[in-house]
Amino acid sequence: MSAIYILWLRELKRYVRSRAQVIASLGQPLLYLLALGFGLSPVFKKAGYGDYLQFIAPGVIGMSVLFSSIFSGLGLLWDRQFGFLKETLVAPVPRVQIMIGRTLGGATVAVIQGLLVMVVSLIAGFRPAHFYTVPLALGFMVAIAIVFAALGVAIGSSLQDMQGFQLIMNFMVMPIFFLSGAMFPLTGLGKILGFITKLDPLSYGIDGMRAMLLASSAFDPRIDILVLAGVGSLFVVLGAWRFSKIEI
Amino acid sequence: MIKVQNLVKTFGSFTAVNDVSFQVDEGEIFAFLGPNGAGKTTTIKMLTTLLKPTSGSIELNGLDPRTHQHEARQHFGIVFQDPSLDGDLTAWENMQIHAVLYHVPRKAGKQRSEELLKLFELWDRRNDQVKKFSGGMKRRLEIARGFLHTPRILFLDEPTLGLDPQSRNQLWSHVKNVNAKEKVTVFLTTHYMDEADRVAHRIGVIDHGKLVAQGTPKEIKEQTKTESLEDAFLALTGSTIRDESASSADQMRQFAKMWSGGRR
């Protein structure tokens with residue numbers, strides 16, 4: 001247990017010490033929130049969907065949790081290159097515990113990042129339907145963070161170096177984000193796009209957040225929870241398995 | 001304590017370790033010598049569960065690191081040849097993570113960390129991030145960390161690389177000390193023949209993945225009819241210089257340095 005704790009703490013310390021990175025990673029969500037939020041607002045309103053800033057805020061929060069968690073998982077690659085990974089791999093601690101410590105640490109950092117974006121969106125004018133459901137939305141953020149931190153570890157364990165990074169970025173992380181309904185409503189889509197968005201785990205995370213923050217959603221929130229729990233367990237098992245197979 | 005039989009490791013068509021067999025007894029200091037790229041580090045990686053052998057068998061304290069990875073890891077400690085510290089954490093934090101991962105009791109861990117950091121003259125800098133350290137300081141921290149717990153077998157992969165004579169001296173007297181007092185078996189590699197001559201009870205010389213000689217320093221000198229271990233080493237392995245291709249890890253480090261101040 002103490003191994004999980006110390007590795008979790010390590011991720012947190014690294015996050016707190018990289019202030020420049022914290023601020024830098026707020027830039028992109030801010031741009032989406034302000035440029036798209038205000039830019040597409042008139043069109044969205046005309047289409048009869050209401051205020052786009054309200055709609056997009058949970059999506060942008062979900063996006064920053066996604067990026068932050070998946071990158072923390074992929075941070076494994078940096079540890080591989082800078083050597084710290086070896087130190088943990090030969091330690092007399094079951095590798096499952098090391099993987100869980102990393103995953104929880106990465107997920108915690110991602111949730112903090114998501115909360116920062118939530119604060120920024122509140123400043124920008126986002127207003128949740130009810131304030132008492134905000135903690136429930138936080139639960140969905142935690143779920144998204146764990147799902148994708150575990151996925152990041154699984155991928156990071158399978159790659160030898162950063163050469164595959166662009167590939168992962170363009171063919172996995174970006175599609176997960178764009179096909180999740182973070183930017184557009186999931187109702188009334190064409191058959192193919194509708195089907196694809198249903199395969200994307202992030203769809204359920206962001207839908208769950210909308211259910212909590214806006215009191216409107218495409219799926220039943222209970223289904224969102226079920227899907228996230230299922231996919232999350234699957235990815236944690238997958239990540240632990242891939243991590244236990246690492247050779248250096 | 002360590003028993004290796006017909007060990008082979010191939011990477012594609014390249015054979016890094018070719019049919020190597022040797023044995024290290026409990027309480028022995030065994031030096032594994034060889035030119036660059038001879039297969040020393042690959043052998044250590046297989047002994048320490050970081051790589052799976054292609055064929056052959058290994059026993060560490062009676063355990064097979066292939067099938068009993070976790071149990072085998074309880075019996076050894078290692079100082080790696082290349083860096084394995086977390087640069088964003090302080091020297092003290094790096095020590096504490098190690099203490100937790102190796103189940104050193106809290107109080108003992110703190111006390112030993114202090115002793116070791118003082119011994120390797122890092123105490124004053126304990127609260128600085130490791131990325132601000134010089135190469136020699138990082139190396140010293142790496143070694144101090146390796147001594148934080150007392151394993152049954154200690155692997156030292158070129159521990160003196162980049163160390164000044166003072167620290168080298170400190171290191172070897174510490175190694176001899178734990179070996180004599182706590183019967184720790186030591187398996188080391190080095191390029192400094194005088195060190196091997198002075199410290200090791202027995203020596204194995206590896207070249208092109210094959211073990212070419214084995215015995216006490218005296219036996220090896222007699223076998224090659226040479227005066228010093230350095231001459232014996234050259235007689236055994238020839239005087240051509242070896243190339244080691246840069247691994248993907250080295251290329252990446254280069255890239256990372258170029259690309260950012262260091263982090264993710």
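Colleague: In this predicted model, how many residues does the contact take from chain A and from chain B?
Modeller: The model is a predicted one. Both chains contribute to the contact. Chain A gives 30 residues and chain B gives 32 residues.

Colleague: Which element gives the most to the side of chain A that touches chain B?
Modeller: Three elements of chain A give two or more residues to that side: helix 1, helix 4 (52-82) and helix 5 (84-89). By class, the residues of that side are 14 nonpolar, eight polar and eight charged. The element that gives the most, with seven residues, is helix 1 of chain A.

Colleague: Which residues of helix 3 of chain B meet helix 1 of chain A?
Modeller: Helix 1 of chain A passes helix 3 of chain B in a left-handed crossing. From helix 1 of chain A come A:Ser2, A:Ala3, A:Ile6 and A:Arg10. In helix 3 of chain B they meet B:Ile97, B:Val100 and B:Leu101.

Colleague: How many nonpolar residues has the contact of helix 1 of chain A with helix 3 of chain B?
Modeller: Among the residues in this contact are A:Ile6 and B:Val100. One residue is polar and one is charged. The nonpolar count is five.

Colleague: Within chain A, is helix 7 roughly parallel or antiparallel to helix 11?
Modeller: Helix 7 of chain A (residues 134-158) and helix 11 of chain A (residues 221-244) pack with their axes 8 Å apart. The angle is about 25°. Angles under 35 degrees count as roughly parallel. So helix 7 of chain A and helix 11 of chain A are roughly parallel.

Colleague: What is the handedness of the crossing of helix 7 and helix 11 of chain A?
Modeller: Helix 7 of chain A brings residues including A:Ala143, A:Val147, A:Ala150 and A:Ala154. Helix 11 of chain A brings residues including A:Leu228, A:Gly232, A:Phe235 and A:Arg242. The contact has 13 nonpolar, four polar and one charged residues. The crossing is left-handed.

Colleague: In the open sheet of three strands of chain B, which are the edge strands?
Modeller: The strand order is 2-1-4, with antiparallel pairing. Neighbouring strands are turned by 20° against each other on average, direction ignored. An edge strand here pairs on one side only. The edge strands are strand 2 (14-24) and strand 4 (55-60) of chain B.

Colleague: Which residue of strand 4 of chain B stands opposite B:Ile2?
Modeller: Strand 1 of chain B covers residues 2-11. Strand 1 and strand 4 of chain B pair in the antiparallel sense over five bridges. Opposite B:Ile2 stands B:Leu60.

Colleague: What is the strand order in the open sheet of six strands of chain B?
Modeller: The pairing is mixed. Strand 5 (76-79) and strand 9 (210-215) of chain B are the edge strands. Neighbouring strands are turned by 15° on average, direction ignored. The order is 5-6-7-3-8-9.

Colleague: Which residue of strand 8 of chain B stands opposite B:Leu33?
Modeller: Strand 3 (residues 29-33) and strand 8 (residues 202-207) of chain B pair in the parallel sense over four bridges. Opposite B:Leu33 stands B:Val205.

Colleague: Which element of chain B has the lowest mean pLDDT?
Modeller: Chain B has a mean pLDDT of 89, and 92% of its residues reach 70 or more. Helix 3 of chain B has the highest mean among the elements, 96. The lowest, at 59, belongs to helix 10 (residues 248-259) of chain B.

Terms used: Residues are numbered from 1 along each chain as its sequence is written. Chains are lettered from A and ligands numbered from 1 in the order in which they are written. This is a predicted model: local features need pLDDT of at least 70, side-chain atom pairs count only at pLDDT 80 or more; totals for chains, interfaces and linings use all residues. Two strands pair if DSSP finds at least two bridges between them. Axes are lines fitted to C-alpha atoms, for helices over the stretch in contact, and angles run from 0 to 180 degrees between N-to-C directions. A crossing is left-handed if the near helix is turned anticlockwise from the far one by less than a right angle, and right-handed if clockwise. Two residues are in contact if their C-beta atoms, placed from the backbone, lie within 7 Å. Ala, Val, Leu, Ile, Met, Phe, Trp, Tyr, Cys and Pro count as nonpolar, Asp, Glu, Lys and Arg as charged, and the others, Gly among them, as polar. pLDDT is the predictor's confidence in each residue, from 0 to 100. Angles under 35 degrees count as roughly parallel, over 145 as roughly antiparallel, 65 to 115 as roughly perpendicular and the rest as oblique.
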